[in-house]
Amino acid sequence: MEKKDTKVVSFLNANLVWSIIGSKIMLNNEVFQITLLSLEISGIATLLSLLIGLPLGSVLALKTFPGRSFLLSLVNTGMGLPPVVVGLFVAMMLWRSGPFGDLNLIYTPTAIVIAQVIIAAPVVSGLTAAALQALDPRLQYQLLGLGASKIQMVIILWREARLPLLAALMAGFGAVISEVGASMMVGGNIRYQTRVLTTAIVLETSKGNFDVALGLGILLLVITFLVNWALTWIQQRAKKA
Amino acid sequence: MKETSSPLLEMHNVLVKRGKKPVLFVNELALYAGEVLAVVGPNGAGKSTLLLTLARLIQPTQGKILYKNVPMDEWDDLSYRRQMSIVFQEPLLVDGTVMDNIILGLRLRGISKKEAVKAMQPWLEKLNLSEIAKRKVSQLSGGEAHRVSLARALVLEPQLLLLDEPFSALDPPSRLRLLDDLAGLLNHNHRTTLFVTHHLKEAARLGDRVAVLLDGVVRQVGTMDEIERHPLDNAVTNFVASEI
C-alpha cells in the first residue's frame with residue numbers, strides 16, 4: 001500500500017509534470033504546430049457541420065414531406081457513426097484508384113476535414129432537429145400569423161432554441177476534436193502535414209513515450225475545455241439575455 | 001346590421017380533411033367588414049381548424065375562400081397574412097421583454113424600432129401594460145401574458161383579427177376581466193373579428209353574430225337571439241340547451 005502511494009506521489013511530482021508540460025510540450029514548436037492544425041481542422045469541420053446541420057435539422061424538424069421520418073432516423077443513426085467506419089469510407093472515396101482519387105486529397109488536412117464533417121454534421125443536424133421539435137409547435141403558427149416570412153420564422157425559432165443549439169455546436173466540436181480513427185486513416189498522421197493531437201498521442205503511445213503522450217492528452221483536454229468553456233459562457237449569457 | 005356592408009371574407013362549400021378524415025365543412029359563411037363573428041361549439045368541433053384555414057395555415061381540400069372578393073389562392077401568403085393577426089389560446093410569447101413581444105409583428109414588417117415603440121404606446125395604456133413594458137416575459141402572470149399577446153395582435157391594426165379561445169386557459173375572474181376589456185376595444189374600433197370560443201355566453205357577449213359549429217359542420221349562423229329562438233335543428237337545440 002505504502003509502495004503504491006509513493007508511486008502515485010512520484011508520478012504526480014510537480015517537477016515531472018513541469019518537465020512534461022514545460023520542456024516537452026509548451027516549448028516545442030512541433031507541438032504548437034500540431035495543436036494549431038488540430039484546432040484549424042476541427043474548427044473548420046465544426047463550422048461546415050453547422051452550415052449543413054442547422055438548415056438540415058431545421059427542415060427535418062419543421063417541414064413535413066414523404067420520407068421525413070426515414071431521413072430523421074438516418075441522421076439520428078449518423079450521430080453514432082464510428083469514426084473508423086467514416087475513415088474507411090472517405091479513404092475508399094479519396095484513394096488514388098477511388099472515385100475521387102484524381103483530386104489528390106488523401107493524406108491531406110482537407111481529407112480529415114471531409115471525414116470530420118461526416119462525423120459532426122449528423123450530430124449537429126440531429127440535435128438541431130431535437131431542439132426545434134422541443135419548442136411549442138403552435139409557435140410556428142403564431143409567428144406566421146403575426147406576419148413572419150418563413151425565413152423570419154426560422155430565425156426566431158433558432159433564437160428561441162439558442163441554448164440547445166449551442167449545445168449541438170459543442171457536441172459537434174467535441175466529436176471531431178477527440179476522434180482519432182478517421183484522422184489517422186485519411187490523414188495518415190504525416191509529420192508537419194496531417195499530424196493532429198489525437199494521432200500524435202497514438203504515435204507517441206506506440207513508441208512507448210508515455211510522458212509525451214500524456215502531456216499531449218492533457219493539452220487536448222485543456223483545449224477542449226477552453227473551447228467548451230467559451231461556448232458555455234456564450235450560452236449562459238444568451239440565457240440571461 | 002353589418003350584413004349591409006360587403007363581406008371581407010367568404011367561404012363557399014369548404015371542406016378540410018386531416019389525412020382522409022373530414023374535420024370541417026362550411027357550406028356558406030361570410031364575415032362582414034367591421035363585425036365580430038363568434039364561432040361557438042364544443043371542444044373538438046373544428047373551431048381552431050376553421051381559424052387556421054382562414055389564416056391560410058391549413059389548406060382546404062375543396063371549396064372556395066374569398067378575401068376582399070379575391071380567391072384566397074390568388075393572394076400571396078405573406079401579403080395576405082400581414083393584413084391579419086392571430087391570438088391563440090396560449091400567449092406563445094418569445095424570449096425577451098413585454099415591449100419586444102408587442103413590437104414583434106411591426107418589426108417583422110420592417111418598421112424601425114423607434115416607430116414601432118411609438119405605435120406601441122397607446123396599446124400599453126389601453127391594456128394596462130405601461131408599468132410592465134420592460135419586464136421579461138418569464139416574469140409575467142398568466143393574465144399579463146395574455147394581455148401582451150392581445151396587445152401584440154392589436155398593435156398591428158389588422159384588417160382581420162382572429163381570436164382562438166384567447167383567454168380560456170385563465171381562471172374565471174381573470175378571463176371575465178379580459179373579455180370585458182376586449183369587448184370594449186372591439187366595440188370602439190369596429191375591427192373585423194372572428195372569435196372562437198366554446199362558451200355560448202362569451203359568444204353572446206362579444207359576437208354581433210354567432211356561428212354554431214358542431215361535429216365539424218357550421219350548422220347555423222345568426223344573432224344570438226335568432227339562434228336561441230329558432231334553432232335550425234335538434235343538434236343546435238341540444239347544444240344551446242346544454243350551455244344555458
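Ala238(A) lies in helix 12 of chain A, residues 210-240, where helices (H or I, at least four residues) and strands (E, at least two) are DSSP runs numbered from the N terminus. The model is predicted, so local features need pLDDT of at least 70 and side-chain atom pairs count only at pLDDT 80 or more, while totals for chains, interfaces and linings use all residues. Residues are numbered from 1 along each chain as its sequence is written, and chains are lettered from A and ligands numbered from 1 in the order in which they are written.

Ala238(A) counts as partly exposed because 14 other C-beta atoms lie within 10 Å; a residue is buried with 20 or more such atoms within 10 Å of its own C-beta, exposed with 12 or fewer, and partly exposed in between, the C-beta atoms being placed from the backbone. Leaving out residues up to four places away in sequence, Ala238(A) touches Arg162(A) and Leu163(A), a contact being two C-beta atoms, placed from the backbone, within 7 Å.

Turning to the place where the chains meet, 14 residues from chain A and 18 residues from chain B take part in the contact. On the side of chain A that touches chain B, helix 7 of chain A provides the largest share, 6 residues. Helix 7 of chain A is itself mostly covered, with 6 of its 8 residues buried, among them Tyr141(A) and Leu144(A). These buried residues pack against helix 3 (29-62) and helix 8 of chain A, and also against helix 1 (47-54), helix 2 (77-81) and strand 6 (84-87) of chain B. Just after helix 7 of chain A comes Gly147(A), which takes a positive phi of about 100°.

Within chain B, helix 6 (residues 142-154) and helix 7 (residues 172-189) pack with their axes 10 Å apart and at an angle of about 20°, the axes being lines fitted to C-alpha atoms, for helices over the stretch in contact, and the angles running from 0 to 180 degrees between N-to-C directions. That angle makes helix 6 of chain B roughly parallel to helix 7 of chain B, since angles under 35 degrees count as roughly parallel, over 145 as roughly antiparallel, 65 to 115 as roughly perpendicular and the rest as oblique. Residues making this contact include His146(B) and Leu150(B) of helix 6 of chain B, and Leu178(B) and Leu182(B) of helix 7 of chain B.
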